[in-house]
Amino acid sequence: MSFLEVKNLNISYPTRKETIVASKNVEFFLERGEILGIVGESGSGKSTIANAIINLIDPPGEITDGSIKIDNIELRSNEEIIQNIRGKKIGFVFQDPQTSLNPLFKIKDQLIETIQAHLNLSYQDSLKKSIKLLKEVGIENAEKRIEDYPHQFSGGMRQRVVIALAISCEPDLIIADEPTTALDVSIQYQILELLKDLTKKRNLGVIIITHDMGVIAETTDKVIVMRYGHIVEQGETKELLTNPKSTEARSLVISVPPTNKKIDRFKLISPDGKEITSSSKNLTKNIIKTWGIRENKNQKLLKLEEVTKVFDDNSLGSGFSFISNKSSNDKIVKAVDNVSFELFEGETLGLVGESGSGKSTIAKIITGLISPNKGDLKYNNEPLYNSNKKYQIHNSRGQIQMIFQDPYSSLNPRFKVKDIIAEPIKFFQKNISNNELLQNVYDLIDIVGMTRQSLDRYPHEFSGGQRQRISIARALATRPRLLICDEPTSALDVSIQAQILNLLKDIQDELHLTMLFISHDLPVIRQMCNRIIVLKNGAVCETKNTEELFNNPEHEYTKELIRLMPKIESII
Amino acid sequence: MLLKTYNKIYDTDIGYSFFNSKLAVISSTIFFIILFCSVFAGIVAPYNPFDPASVSLMDAFTPPVWSEGGSFSFILGTDQQGRDMFSTMIYGSRISLIVGFASIIFAMILGVFLGITAGYIGGRYEIIVMRLTDVQLTIPSILMALLVDGIARAIISQSMHDEMAIYVLIFAIGISEWPQFARVSRASTLVEKNKEYVSASRIIGLSNILIMFKHILPNILRPILVIATIGLALAIITESTLSFLGVGVPPTTPSLGTLIRFGNNFLFSGEWWITFFPAIFLIVLALSINLLGDWMRDALNPKLKKR
């Protein structure tokens, strides 16, 4: 008899038009002291299973069949038992530490409330226990910090508090739903180490749900691969990652960017299990004809000199600028601090750093969305900002374009795909004929690998990856030379990420584009870039060629980033 | 063919929500019947009360058909000038609806324009516009309308005023309703302007005017539509109030409010129907629009959507 037994679990969500099967005949076992990973692409039903175990499925979803047993106690649909068990026997760690703590209560109150609800302890004892818990999850100065409110903690610290809450009632099982997705690499490492540590020390069963194969490789003992609510493969982590048998598992493993070497293109696996090597080579012919032949002469395309951007209270609440005084220096945030670099034609330069390192601010300064406080920017030797700090768009002539992070907000939901792509063309060629315009739009939609039928639809009819392709088509419509990619794949599943990265490499090769690639994901940066700039708190730490940076990092911060990134190879 | 369109509408989320809300179906049916009657008043109404030739003083104060002395030629009775109540109400609702729609459209154009520009441009301009709405909101709409009407009377001659009365009314009601639109559209613009599709348009180099009115405006139409619907009922009531107070449309072309005012004089002499029927009509009209607006607010709000 195993500690946790899930047998023949079926969950469905009846909607008006059809019944969506979120989980079908799911079966797995978990022992104490073991970490089980559940992976799968978005919509594969991984979170549904976790919610089913604590009976938190949103109506109208329901468990139609199956059984869930902990220590041989049946949990399914018995509200009384589940009330006692949720929180006491099962701890839950949510994805977003920003929203999983109540902002109006002190940490103390939230911990004590949970403890007293399940354990028969006095207030003083609960307080003592809370402090002990905070110490256990690695919060320094716990006696004092327990009086703080959630907003006084950083993201990583908050996730530690959430874990403290989850283990506060001595649970036997912890379910962590994407526990580190919202966190930076170094904090992710600490949180995962903490979970591993607790598993051993307290002899817990842990389920980690994630889409990150690196996390799976570094933490779990067993792994389940899911797709469309089915378990397609399960087994020992090492065995499954080195020798995946099902197509889905192979596709997941093969699309993970390797951390230890640079590959030319990602291999993709089609649903029938064959490897495909796609190329848009012949599709770009028409584009090249209209754009004219370009050559990269390895010239300097973009130059930033000592660019600084400061965010203070004045720029946040700009409306009240005439009220506030300039004396409050403590609230000034230097988002970009004296950054200088050059970008040469045809290369891909990576900007890497954790959240708040100023990567996106640099992109916004280059594209003119915000203006710098200090410094010089030159594009093709023409200044991008005049002496009044006003953006000179005619000096770049629309040649700088950007691809955004969030494919769900980067396309206007009220425009058809056709109009989204046609608008920039019409803007730059005022007297273009309708036929020519249509031909241009066709060429662009072909090159990003979408069908022409999709032109008459609206953005909400497409998946994240498809929307990102439409985004790329729109960016290409102005015939850019410089493409800025701001975390273009961080919202996508790993196999879709591989496709989009391949596409970006293809169009760069064919159309001789220069790219500035922004990401927090070191393996992705390694695959995409020739040179890398490492940023920390708005300042440049290190600029080096990619291979050199990964093989011999000089700066302490770079070393740490490379050491801490989750590596799928660590297990193989 | 008709069934096909019905099925198509039923298939959309908003259509499904509509046909599954009894309140929405009933209130919209009532509203559209009233709208139809007032648009085609010439065909629907048995008499033309504005045509002196069709009115006879001999028929004055005829009670409704079911009362003693009532006649089938005047189902809801007649007023003091012998005008058929039913026809007068239909023609009156036409004026109420024209004033209501026109003033809401005027308020919407003004408010949305100021709201979007304030939200998008920001800075001093935003402060000025938003303080202006705050000031406007402290003045009750009736007072504002009376003020505008008073000024209009002072500068326009009496004979001109009767012709101009309806425009003065539209302006007066519109000017007191625009702050709602300005507030809502500014708030929605602040949300939309930080979305990446707006950034993308700016990087392409599109002008601010184009971004505001081609890209942002279609995305904030939903909340504007909701307050426009609820505002329509309010505008019709405000118009009736003004006409009741005697500063609205002239008595020769009575609106619902004017009819209620006339009837009010005869309420205690037994001719209750002259004020009763227009009042009920007004209540039903305003209620059906308000209920429609309520449903729309819930149906267009993704947070309240039932899964």
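Me: How many salt bridges does the structure hold over all chains?

Reply: This is a predicted model. Over all chains, the structure holds 37 salt bridges.

Me: What makes A:Asp172 and A:Lys89 a salt bridge?

Reply: The cut-off is 4 Å from a Lys or Arg side-chain nitrogen to a carboxyl oxygen of Asp or Glu. The side chains of A:Asp172 and A:Lys89 meet at 3.9 Å, N to O. That value is within 4 Å, so the pair is called a salt bridge. The pair links distant parts of the chain, 83 residues apart. A:Asp172 sits in the loop between helix H6 (155–166) and strand S7 (173–177) of chain A. A:Lys89 sits in the loop between helix H2 (79–85) and strand S6 (90–93) of chain A.

Me: Why is A:Asp172 called buried?

Reply: Its relative accessible area is 16%. Buried means under 20%, so A:Asp172 is buried.

Me: How do you know that A:Glu147 and A:Lys106 meet in a salt bridge?

Reply: Their side chains come to 3.7 Å, N to O. The limit is 4 Å, so the pair counts. This pair, too, links distant parts of the chain, 41 residues apart. A:Glu147 is in the loop between helix H5 (142–145) and H6 of chain A. A:Lys106 is in the loop between S6 and helix H3 (107–118) of chain A.

Me: Why does A:Glu147 count as partly exposed?

Reply: A:Glu147 has 35% relative accessibility. Buried is under 20% and exposed is over 50%, so 35% falls in between. A:Lys106 has a relative accessible area of 24%, so A:Lys106 is partly exposed by the same rule.

Me: What makes A:Glu170 and A:Lys129 a pair that ties together separate parts of chain A?

Reply: Their side chains meet in a salt bridge at 2.4 Å, N to O. A:Glu170 lies in the loop between H6 and S7 of chain A, and A:Lys129 in helix H4 (residues 123–136) of chain A, so the bridge ties together parts that are 41 residues apart in sequence. A:Glu170 is partly exposed at 42%. A:Lys129 has 15%, which is under 20%, so A:Lys129 is buried.

Me: Which residues do salt bridges with shared partners join into one network?

Reply: A:Arg32, A:Asp71, A:Lys89 and A:Asp172.

Me: Why is A:His394 called exposed?

Reply: A:His394 has a relative accessible area of 51%. Exposed means over 50%, so the label applies. A:His394 is found in helix H14 (residues 393–396) of chain A.

Me: Which residues of helix H21 (residues 556–564) of chain A are buried?

Reply: A:Tyr557, A:Thr558, A:Leu561, A:Ile562 and A:Leu564. They pack against helix H7 (185–202), helix H19 (522–528), strand S21 (531–536), strand S22 (539–545) and helix H20 (546–551) of chain A.

Me: Now the interface. How many residues of chain B are in contact with chain A?

Reply: 23 residues of chain B are in contact with 31 residues of chain A. The two chains bury about 2,400 Å² between them, 58% of it on carbon and sulfur atoms. In chain B, B:Glu196, B:Ile203 and B:Ile204 lose the most area to chain A, together 31% of what that side buries.

Me: How do you know that B:Lys214 and A:Glu423 form a salt bridge?

Reply: Their side chains meet at 3.0 Å, N to O.

Me: Which helix gives the most to the side of chain B that touches chain A?

Reply: H9(B), with 7 residues. The residues of that side divide into 9 nonpolar, 5 polar and 9 charged.

Me: What is the secondary structure of chain B?

Reply: Chain B comes to 13 helices and 0 strands. Of its 307 residues, 47% count as buried.

Me: How confident is the predictor in chain B and in the complex?

Reply: Chain B averages a pLDDT of 86, and 98% of the residues score at least 70. Within chain B, confidence is lowest in H1(B), at a mean of 77, and highest in H10(B), at 93. The complex gets an ipTM of 0.79 and a pTM of 0.83.

Notes
Residues are numbered from 1 along each chain as its sequence is written. Chains are lettered from A and ligands numbered from 1 in the order in which they are written. This is a predicted model: local features need pLDDT of at least 70, side-chain atom pairs count only at pLDDT 80 or more; totals for chains, interfaces and linings use all residues. Side-chain values use heavy atoms; hydrogens and water are left out. Contact means heavy atoms within 4.5 Å. Buried area is the accessible area (1.4 Å probe) that two parts lose on being put together, summed over both. Helices (H or I, at least four residues) and strands (E, at least two) are DSSP runs, numbered from the N terminus. Ala, Val, Leu, Ile, Met, Phe, Trp, Tyr, Cys and Pro count as nonpolar, Asp, Glu, Lys and Arg as charged, and the others, Gly among them, as polar. pLDDT is the predictor's confidence in each residue, from 0 to 100. Buried means under 20% relative accessible area, exposed over 50%, partly exposed in between (1.4 Å probe, protein chains only).
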